Amino acid sequence: MRRFNTTGTCFPDLHYMVNIDRQVEAAAKIVRQGDYFCINRGRQYGKTTTLSTLAKHLENEFCVFNISFEGLGDASFASVENACAEFLKILRQWSRINGSSAEMQALLKSVVPIGCKEISSTDFIDIIDELCNLSKKPLVVMIDEVDQASNNDGFIKFLGVLRKMYLSRNQFKTFQSVILAGVYDIKNLKLRIRTDEDHQFNSPWNIAVPFVADMSLHEDGIAEMLKDYATDRNMTFDFEFVAKEIYSYTAGYPFLVSRMCQIIDETSLTWDKEGILASVNMILKEENTLFDDLIKKLNQFPKMKELIRDILYSGLKKTFSSDEQYLQLAKRFNFLTETDGYVSIACRLMETRLYNMFISEAEFEKMFANGQLDKSQFVHNGHIDMRHLLEKFVVHFNEIFRSNDGSMDQKFLEDQGRKQFLLYLRPIINGIGNYYCEATTRDMTRTDVIVDYLGKQYIIELKIWHGNAYNERGEQQLSEYLDYYHLQTGYMVSFCFNKNKQPGVKSIAIGNRTIVEAVV
């Protein structure tokens, strides 16, 4: 029976998959045009599965070598001669395993005998010309995991040989198309090898055309996959609702979509709101390759980590610029995305994991300790007494941060207000509930925090005080937001730098809704 898969390539006859014909056909079109290109996406974003499906899609038109550099050591790319020999050996192995023509297998075996470690670029060009003349179909080469070779100058020079062949196609035959798949693009590979600022952007792969197809999984595709699953298992549930909820947490990130479904299926959770929230809680607690890589990359690039921290804590509304190196890298890793020209975190699950990481780094701070000490006071019969929670937060915040004359710096509030509230909240709901910040409302003055706790949701608006009129507009906005979530009560934390403003908690009626407002 088929199952959900989160490790390695997905195959339709073995695994439940979202239909990816859209991105496969986009890639096939570029191949048919005779262009070279890269598929650069973050870890576990479906690159390998896309290549496998594309190879199958093209097999009637082309002779496709779908190879990988995974597991190769640095010695394979110590020089361009090593790289040429290694590449041909991989082609030979692939040809033997996948049943290429006897003539091609014999040629590859003769030109790359066992033990051969070096082939000159000139001989390499002649060999490829002969292979292409021998083949009855145009040759297409897909190279997965090119990052494995990215620290070696020999690999960069090897790409230069492929580029030379591409530009000289009127003199001899070469590959119809070459596709490189990995996290980094070739420009980024140069950044990892070269420190010379004058040359770091001189890419040997400037012949590549852009591959801009959306590889995220859309709601309708997730729903069709779940419908297929439900039919196989003789189950009935609202797969369109479940697909919408899964998408709301994952934004279609392929690994996270499959992992949520896998957890619900394999742990016998229910395919409804309760099961979805439970799977979210489990994902955020577990160690998995995607989140491990996320933390590793942030530690590897401290400036990118600082940028993401500012987006989360300070509500930084950052304009996306492709010229900013760390923005470009974060987008390449699929940690950040571009929405209406601005930068935002890729999805709710990733955002909450990032918040948890930053909060864990700040567990020594007083506000986190206060949350740990107070947490037993707030939960009664599965409900959070959010009003009491806000009352205690106001007391702690003012004790710690407000000066003796009652004043507080506005810049401090903008930078620290959200952080301190989440530091207090995290230990209270940890292990049972989760939270995320609504991306559409997050800016320097306003952030809506949605707390999921035992199947119940609480909406808390965090905002910087800018006068009564502004505050009243915020109350009305929150009331409208409650309509969307079908909730009667909402909560507001107003960070006020006006020393004459009286701290405390009060209830406000807005139509048939109640807003509980805490002024800090």
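**Pocket, helices, cores and a hairpin**

Mentor: Let's start with the second largest pocket, which has a volume of about 980 Å³. Keep in mind that the model is predicted.

Trainee: What makes a residue part of the lining of a pocket?

Mentor: A lining residue has an atom within 4 Å of a pocket point. Here 42 residues line the second largest pocket, and Ser52, Ala55, Lys56, Glu59 and Val64 are the closest to its centre.

Trainee: Which elements give two or more residues to that lining?

Mentor: Helices H1 (21–32), H2 (47–58), H3 (80–98), H4 (102–111) and H8 (219–232), plus strand S2 (63–68). H2 has the largest share, with seven residues.

Trainee: Which residues of H8 and H17 are called buried?

Mentor: The label needs under 20% relative accessible area. In H8, Gly221, Ile222, Ala223, Met225, Leu226, Tyr229 and Ala230 are buried, with helices H9 (239–250) and H10 (254–266) among what covers them. In H17, the buried residues are Met386, Leu389, Leu390, Phe393, Val394, His396, Phe397 and Asn398.

Trainee: What does Leu226 touch?

Mentor: Leaving out residues up to four places away in sequence, Leu226 touches Phe4, Phe237, Phe239, Val242, Ala243, Ile246, Cys261 and Trp271. In the largest nonpolar core, of 129 residues, Leu226 is one of those that touch the most other members, along with Met350, Leu354, Leu389, Phe421 and Val451. Helix H18 (residues 410–429) gives the largest share of this core, eight residues. There is a second, separate core of 47 residues, including Leu91, Val141, Phe158 and Val178.

Trainee: Last one: why are S5 (residues 336–339) and S6 (residues 342–345) called paired?

Mentor: Pairing takes at least two bridges. S5 and S6 have four, in the antiparallel sense, so they count as paired. Leu336 stands opposite Ile345 in S6. Their hairpin has two residues between the strands, and Asp340 takes a positive phi near 55 degrees there.

Conventions
Residues are numbered from 1 along each chain as its sequence is written. This is a predicted model: local features need pLDDT of at least 70, side-chain atom pairs count only at pLDDT 80 or more; totals for chains, interfaces and linings use all residues. Side-chain values use heavy atoms; hydrogens and water are left out. A nonpolar core is a set of buried Ala, Val, Leu, Ile, Met, Phe, Trp, Tyr and Cys residues joined through side-chain atoms within 4.5 Å. Buried means under 20% relative accessible area, exposed over 50%, partly exposed in between (1.4 Å probe, protein chains only). Contact means heavy atoms within 4.5 Å. On a 1 Å grid over the protein atoms alone, a cavity is a set of points where a 1.4 Å probe fits but cannot get out, and a pocket is an open set with protein on both sides within 12 Å along at least five of seven lines; lining residues have an atom within 4 Å of a point. Grid points are joined across faces, edges and corners, and a volume is the space filled by probe spheres set on the points.
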